Amino acid sequence: MSSKIKFELNSAGVKSILKSPEARSLCAQKALEIVSRCGAGYGADTFVGSNRVNAMVFADSAKAKKDNSENNTLLKAMR
């Protein structure tokens with residue numbers, strides 16, 4: 001009683017999902033959660049790349065850059 005199922009991925013549909021506003025808001029939400037765990041001086045940004053939505057979290061001030069360099073704050077906040 002085994003039957004083979006054929007599955008064909010619609011690449012245009014997947015691409016539209018990965019670049020959708022919903023995906024962007026989800027990435028922005030996760031990035032802001034990380035920023036909130038880092039403290040003052042950190043920022044977040046999202047952008048649509050060639051394949052998908054991307055989010056980044058970065059040290060925005062000199063004090064935050066020093067803190068991240070000494071304590072790996074961004075790496076620890078992602079856990």
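Me: At 53% relative accessibility, does K66 count as buried or exposed?
Reply: Under 20% relative accessible area is called buried, over 50% exposed, and anything in between partly exposed (1.4 Å probe, protein chains only). K66 has 53% relative accessibility, so K66 counts as exposed.

Me: What kind of model is this?
Reply: Residues are numbered from 1 along each chain as its sequence is written, and side-chain values use heavy atoms, with hydrogens and water left out. Local features need pLDDT of at least 70, side-chain atom pairs count only at pLDDT 80 or more, and totals for chains, interfaces and linings use all residues, because this model is predicted.

Me: Good to know! Which residue forms a salt bridge with K66?
Reply: Side chains of opposite charge can pair when their charged atoms come close. A salt bridge here is a side-chain nitrogen of Lys or Arg within 4 Å of a carboxyl oxygen of Asp or Glu, and a search of the whole structure finds one. Its closest N and O atoms are 3.9 Å apart, and the partner of K66 is E70.

Me: Where do K66 and E70 both lie?
Reply: Helices are DSSP runs of H or I with at least four residues, strands are runs of E with at least two, and both are numbered from the N terminus. K66 and E70 are four residues apart, about one turn, and both lie in helix 3.

Me: How many residues of helix 3 are buried?
Reply: Helix 3 covers residues 62-71 and is hardly covered. E70, for example, is exposed, with a relative accessible area of 55%. Among the 10 residues of helix 3, the count of buried ones is one.

Me: How far apart are the end C-alpha atoms of helix 2?
Reply: The expected span of a helix is 1.5 Å times one less than its number of residues. Helix 2 has 18 residues (21-38), so it should span 26 Å. The model agrees, with its end C-alpha atoms apart by 26 Å.

Me: How wide is the arc that the buried residues of helix 2 cover around the axis?
Reply: The buried residues of helix 2 are A23, A31, I34, V35 and C38. They lie on the same side of helix 2, because the arc (taken from the directions from the helix axis to the C-beta atoms) is only 110 degrees.

Me: Which residues are exposed on the other side of helix 2?
Reply: The buried residues of helix 2 pack against helix 1 (11-18), strand 1 (42-48), strand 2 (53-59) and helix 4 (73-77). On the other side of helix 2, the exposed residues are P21, E22, L32 and S36.

Me: Which residues does T46 touch?
Reply: T46 lies in strand 1 and is buried, with a relative accessible area of 14%. Contact means heavy atoms within 4.5 Å. Not counting residues up to four places away in sequence, T46 touches R24, C27, A28, N54 and A55.

Technical notes: The arc is that of the directions from the helix axis to the C-beta atoms.
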